[in-house]
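Keep the structure open beside you as you read.

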Amino acid sequence: MNATEVKSFVSAYGEFVRTPIDAPRSGALFWTFDLLADAAEKNPELCWRLIEAVVARDSDEQVLAALAAGPMEDLLARHGPAFIERIESRAAQNPMFRHLLAGVWRNEIAQDIWERVVAARGADSSRV
């Protein structure tokens, strides 16, 4: 994805999350959910890039919660060892990213990776 496509994705994803699921527009925006879910499994670098882009451009609580409970959890569960250092680094630099991590639940995340996530989110560790 080029920069223009990423910007369009961020806008569409935010709209998807904020649109009621039963609204007609929701179906037209569902591709954003599918893209992130597929990327978390098959293209983790794209997933990471999109998560970073959304966090950088959309601080809406509902959007961050959706990112945390879906793509970030999936990325950590499937590719945690490859991404945990980047996640720790981003959390150390960005309070919004730490806040995003506070919305992540352990689910299928490996214990050692989970412990690092909890440490990275620091005072935002409201979910354990």
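This is a predicted model: local features need pLDDT of at least 70, side-chain atom pairs count only at pLDDT 80 or more; totals for chains, interfaces and linings use all residues.

Setting aside its neighbours within four places in sequence, L76 is in contact with I84, I87, V104, I109, I113 and V117. L76 also belongs to the largest nonpolar core, which has 39 residues, and it is among those that touch the most other members, together with I51, M72, I87, F97 and L101. Two or more residues of this core come from each of α1 (3-18), α2 (24-42), α3, α4, α5 and α6. Of these, α4 gives the most, with 11 residues. In soluble globular proteins, nonpolar side chains tend to be buried together.

Now look at how α4 meets its neighbour. Helix α4 spans residues 61-93 and helix α5 residues 95-102; their axes come within 7 Å and cross at roughly 105°. An angle from 65 to 115 degrees counts as roughly perpendicular, so α4 is roughly perpendicular to α5. On the α4 side, the contact is made by E61, L64, L67, A68, M72, I87, R90, A91, A92 and Q93, while α5 brings P95, M96, F97, R98, H99, L100 and L101.

Between α5 and α6 you will find N107. Is N107 buried or exposed? Its relative accessibility is 57%, and exposed means over 50%, so N107 counts as exposed. The backbone is worth a look here too: phi of N107 is near 45°, a positive value in a residue other than glycine. Most residues other than glycine have a negative phi.

The loop between α1 and α2 holds T19. With 15% relative accessibility, T19 counts as buried, because the cut-off for buried is under 20%. The side chain of T19 reaches the backbone oxygen of E15 at 2.5 Å. Leaving aside neighbours within four places in sequence, T19 is in contact with R25, S26 and L29.

Notes:
Residues are numbered from 1 along each chain as its sequence is written. Side-chain values use heavy atoms; hydrogens and water are left out. Axes are lines fitted to C-alpha atoms, for helices over the stretch in contact, and angles run from 0 to 180 degrees between N-to-C directions. Helices (H or I, at least four residues) and strands (E, at least two) are DSSP runs, numbered from the N terminus. Angles under 35 degrees count as roughly parallel, over 145 as roughly antiparallel, 65 to 115 as roughly perpendicular and the rest as oblique. Contact means heavy atoms within 4.5 Å. A nonpolar core is a set of buried Ala, Val, Leu, Ile, Met, Phe, Trp, Tyr and Cys residues joined through side-chain atoms within 4.5 Å. Buried means under 20% relative accessible area, exposed over 50%, partly exposed in between (1.4 Å probe, protein chains only). A polar contact is a pair of N or O atoms within 3.5 Å; within protein, one must be able to donate a hydrogen and the other to accept it, and residues adjacent in sequence count only if both atoms are side-chain atoms.
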